[in-house]
Amino acid sequence: MKQQAAIALQEVVYETEKNKIIRGISGTFAKGKITAIIGPSGAGKTTLFRLCNGLLSPTGGNILIDGKDILTFDPVSLRRLVGIVLQQATMLEGSVRDNIALPLQLAGKELKGEEAERMIQLVGLEADILDRSSRDLSGGQKQKVSIARTLLNEPDILLLDEITSSLDRVSKQDIERLIKRINKENDTTVVWITHNLEQAKAVADEVWVMMNGTVAEAGPIDLLDHPENAAVKQFVTEEEK
């Protein structure tokens, strides 16, 4: 049975005056699955995310979200459908409640008390944190608040860019469990950039290995145990040392 594509890329290119960053990528991120994206720095991983979230527009090729060309979405609708959480969990001045409320405020709506409590508990934090200043949070707490803020829009697709790279082991494992639970309970499609092969194997169903703006190899997560591409094999071997 063929998997449905949450995101489909068709010969996608992104180039600036100086660099060709994405070089004709084609492939799909399967609906309801967790796909890890790994690869060396400068491979184009974050640029690919920005294209999938509409923060950048491709200079060639097409991106389809649930079968519709990404260029046909208005930005607000697209961000509701495709949420993104970045490596640095940027917090606004003010309380945790203020931070979580941001997506609704941008839409001219108000965050209700019970909804704020539901969102903060969803990410494994206690409701009494809502009235704390965002400046008083630990790195792990900030990341969880950032995830809650993104999840408030109930996105069908969640893009995660190195979201645990600066966290301690316990916080990292907490967030891994949280994302797996969200994926399972809500059938949310997750695409997760990570430099950590152990993490990729622990959370993902599928994997893309990006190199030099291309997808060098893609498939089920166990391809990391026996890659066929020589450059991928070398990368995996070096990362596992």
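**Sheet pairing and salt bridges**

Thr 35 has Val 191 of strand β8 as its bridge partner. In this predicted model, strand β3 (residues 34-38) pairs with β8 (residues 189-193) in the parallel sense, over 4 bridges. An open sheet of 6 strands contains both, in the order β6-β7-β8-β3-β9-β10, and its pairing is mixed. The edges are formed by β6 (82-85) and β10 (214-220); each has a single partner strand, so one side of each is left without a neighbour in the sheet. On average, neighbouring strands of the sheet are turned by 15° against each other, direction ignored. Helix α5 (residues 139-151) packs on the sheet and touches β6 and β7 (157-161), and its direction makes about 170° with that of β6.

Side chains of opposite charge can pair when their charged atoms come close. The whole structure holds 8 salt bridges. One of them joins Asp 66 to Lys 31, with the closest N and O atoms 2.7 Å apart. Asp 66 lies in the loop between β4 (60-65) and β5 (68-69), and Lys 31 in the loop between β2 (20-30) and β3, so this pair ties together parts that are 35 residues apart in sequence. Asp 66 is partly exposed, at 33% relative accessibility, and Lys 31 is partly exposed at 32%.

A salt bridge also links Glu 154 and Arg 118 (3.9 Å, N to O). Glu 154 lies in the loop between α5 and β7 and Arg 118 in helix α4 (residues 113-122), so parts 36 residues apart in sequence are tied together. Glu 154 is exposed, with a relative accessible area of 57%, whereas Arg 118 is partly exposed at 40%. Through shared partners, salt bridges join Glu 115, Arg 118 and Glu 154 into one network.

Technical notes
Residues are numbered from 1 along each chain as its sequence is written. This is a predicted model: local features need pLDDT of at least 70, side-chain atom pairs count only at pLDDT 80 or more; totals for chains, interfaces and linings use all residues. Side-chain values use heavy atoms; hydrogens and water are left out. Two strands pair if DSSP finds at least two bridges between them. Helices (H or I, at least four residues) and strands (E, at least two) are DSSP runs, numbered from the N terminus. Axes are lines fitted to C-alpha atoms, for helices over the stretch in contact, and angles run from 0 to 180 degrees between N-to-C directions. Contact means heavy atoms within 4.5 Å. A salt bridge is a side-chain nitrogen of Lys or Arg within 4 Å of a carboxyl oxygen of Asp or Glu. Buried means under 20% relative accessible area, exposed over 50%, partly exposed in between (1.4 Å probe, protein chains only).
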